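Opening the notebook on this one. I'll jot down what I look up as I go.

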Amino acid sequence: MRVIWNQTRLASFTSPAAAAATSLNLSQTRSYYTDWQMIKDVKRRAICKQYARQRVRLNCIRKNKILPKAIQELADLEIGALPRDSASHRTVNRCAVTSRARGVLVKWRLSRFVFRYLCDHNQMSEIGRASCRERV
């Protein structure tokens, strides 16, 4: 997260660095996404969605054994011309909170740590914590 100071806060400081920052008129900015990897994945998902229909059509033509070889080869060339990030296998399932790529529960888009924490504190509806009790 980038932190840039707000001009009104810096006015109360008397240091020369604060005075220089006030002259630049800097303000604090926060990103919606956790880190750069999450931003990259969001861009990949957008590109994948944009080219999905075109890619499916070209793959159907390319894999169709009834069509002549020349048409299949043209479809191969057109798929090669599409952006690499338009392939669906390049997207990564990431945790929406921590941006962790491993141990993600796809249904909730949460890593196992965040999921367990939320379940333990009753913040997930219809999901209770598993517990082992003795049978009496």
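What covers the buried residues of α3? I looked, and the cover includes α4. Before going further, a reminder to myself that this is a predicted model.

**Confidence.** I checked pLDDT next. The protein chain averages 80, and 71% of the residues score at least 70. Helix α4 (residues 69-81) has the highest confidence, at a mean of 96, while helix α1 (residues 7-11) has the lowest, at 48. Over residues 9-14 the pLDDT falls below 50, and I find six contacts in the model for this stretch beyond near neighbours in sequence. Where pLDDT is low, the predicted coordinates should not be read in detail. I'm leaving that part alone.

**Helix α3.** Back to α3, which spans residues 36-63. I went through it for a bend and got a kink of about 55 degrees, centred on A52. Then I listed its buried residues: M38, D41, R44, C48, R55 and L58. As noted above, α4 is part of what covers them.

**S99.** Where does S99 sit? I placed S99 in the loop between α4 and β1 (104-105). Buried or exposed, then, for S99? Its relative accessibility is 3%, so I count S99 as buried, the cut-off being under 20%. Leaving aside neighbours within four places in sequence, I have S99 in contact with T34, D35, Q37, M38 and R94. With D35, S99 makes a side-chain to side-chain polar contact of 2.8 Å.

How values were computed. Residues numbered from 1 in each chain as written. Heavy atoms only, no water. pLDDT = per-residue confidence, 0-100. Helix = DSSP H or I, 4+ residues; strand = E, 2+ residues; numbered from the N terminus. Contact = heavy atoms within 4.5 Å. Bend = angle between axes of the 7 residues up to and from the residue. Buried < 20%, exposed > 50% of the residue type's maximum accessible area, 1.4 Å probe, protein only. Polar contact = N/O pair within 3.5 Å; in protein donor to acceptor, adjacent residues only side chain to side chain.
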